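Here are my notes on the model, as numbered points. Please read them with the structure open.

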Amino acid sequence: MVIDKEHIIQLLEEVTDPEIPVISIRDLGILREVKVENDAIEVVITPTYSGCPAMFEIEKNINNTLTKNDITNFKITTVLSPAWTTAWMSAEGKQKLKEYGIAPPNPTNEADIQCPNCNSRNTIMISQFGSTACKSLFKCEDCLEPFDYFKCH
Amino acid sequence: MNHLYNYTLQQADNCLILGQRLGEWCGHGPVLEQDIAMTNISLDLIGQARMLYQYAAEIQGEGKSEDDLAYLRDAWDFKNVLLVEQLNGDFAKTIVRQFLFDSFNCYFYEALKSSNDENLAAIAAKSHKEALYHLKWSGDWVLRLGDGTEESHERIQSALNALWSYSGEIVIPTEADQAGLETGFGVDLNAIKTRRDSKVREVLEEATLTIPESTYSHSGGKEGKHTEYLGYILADLQFLQRAYPGNEW
């Protein structure tokens, strides 16, 4: 069987972050690379935060996805460098986050965060640390809904 | 003994022990958001410890794992500074301990990014981003408590007085630190001390706190001589692996 790199990437599209199931590991920038050499596949991933407990789950899901598609000759490598950054998050990923109710990272001004529910910019940070390491907790002063903000990293 | 191994363990142990201490706050924080903040920071630190232990195990080359290093060494093998094993006390004391550590940790990782050891450099680059958040959090709280109410000011001042003599050990070079500096895998602790001291002074002054005059510094932790607290921490942390060797989730 000839293994096509694009095909593998396509298959991995269904592997999502267990905490944010709407966004794939590719959209999130966790999937760094897929290498194919002589039918041997290497899937290269990088952790978001060093203590992120989702990494174990993600690795397991990559494993399951490839195995159920009859791909067995692969290994998963975790790299630390270059360190993961939210700059790698795709535009599509940011849109999906917003639709899911999480404000996407805003690298131009982290004090100017738009409410994902009503789009108001009249929001305040409640806590720098949110429900997971990658998020802060915000509140919208207009619609009064609390929401998560995926912080720049 | 291998200096690179000891050097890696020094920082790994700092991260693990402080992470464990912060974890004790889980479910006991003064408000929900700060409970979450402390456990988040704990998680980051334990993540950093894991990367460092994995690397240390690799350097050691005896086929051991990160778990062996965390769960099966005894107190005298631990190289963390005495500061991180101090009791949580009240919230103010936890904040001071955290601030004194974070103010070191940020500059330490920043410098370690230029290590000529590529593994340490990669771990530092990853961890530095996290340490910046930690320092922002603990620094903000020092200001808020110091320049807050009469009671919060008093509590954080007494926490500072109690922990001050534990703040210096982290920048006193050990043999491993010295070797790291000479060989290029480690950082220059004197340069870090200067930057850290000025950051600490700046924040404490803004927080209207009085900087203790004493320059006495406890030490020994980096060489395995600990306060009695470490034994209790390890009793908690290592219980499962000691009682049920090799057990997994």
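Which strands does helix H1 of chain A lie across, and at about what angle does H1(A) run to E3(A)?

1. This is a predicted model. Helix H1 of chain A covers residues 5–12. H1(A) lies across E3 and E4 of chain A. The angle between H1(A) and E3(A) is about 145°.

2. Now the sheet under that helix. In chain A, three strands form an open sheet in the order E3-E4-E5. The pairing is mixed. Strands E3 (31–37) and E5 (74–78) of chain A are the edges, each pairing on one side only. From one strand to the next, the twist averages 20°.

3. Look at one pairing in detail. Strand E4 of chain A, residues 40–45, runs parallel to E5(A), and five bridges join the pair. Val43(A) has Ile76(A) in E5(A) as its bridge partner.

4. Next, the domains. Chain A is assigned domain 1 (5–84) and domain 2 (88–150). Their C-alpha centres are 26 Å apart. Twelve residues of domain 1 of chain A contact twelve residues of domain 2 of chain A.

5. On the domain 1 side of that contact in chain A, strand E2 (20–24) and helix H2 (25–28) each give two or more residues. E2(A) gives the most, with three residues. By class, this side has seven nonpolar, three polar and two charged residues.

6. Last, the chain contact. Chain A supplies 14 residues and chain B supplies 20 residues. The chain A side that touches chain B divides into eight nonpolar and six polar residues, with no charged ones.

Conventions: Residues numbered from 1 in each chain as written. Chains lettered and ligands numbered in written order. Predicted model: local features only at pLDDT ≥ 70, side-chain atom pairs only at ≥ 80, totals over all residues. Domains from an automatic or database assignment. Contact = placed C-beta atoms within 7 Å. Helix = DSSP H or I, 4+ residues; strand = E, 2+ residues; numbered from the N terminus. Nonpolar A, V, L, I, M, F, W, Y, C, P; charged D, E, K, R; others polar. Pairing = 2+ DSSP bridges. Axes fitted to C-alpha atoms, helices over the stretch in contact; angles between N-to-C directions.
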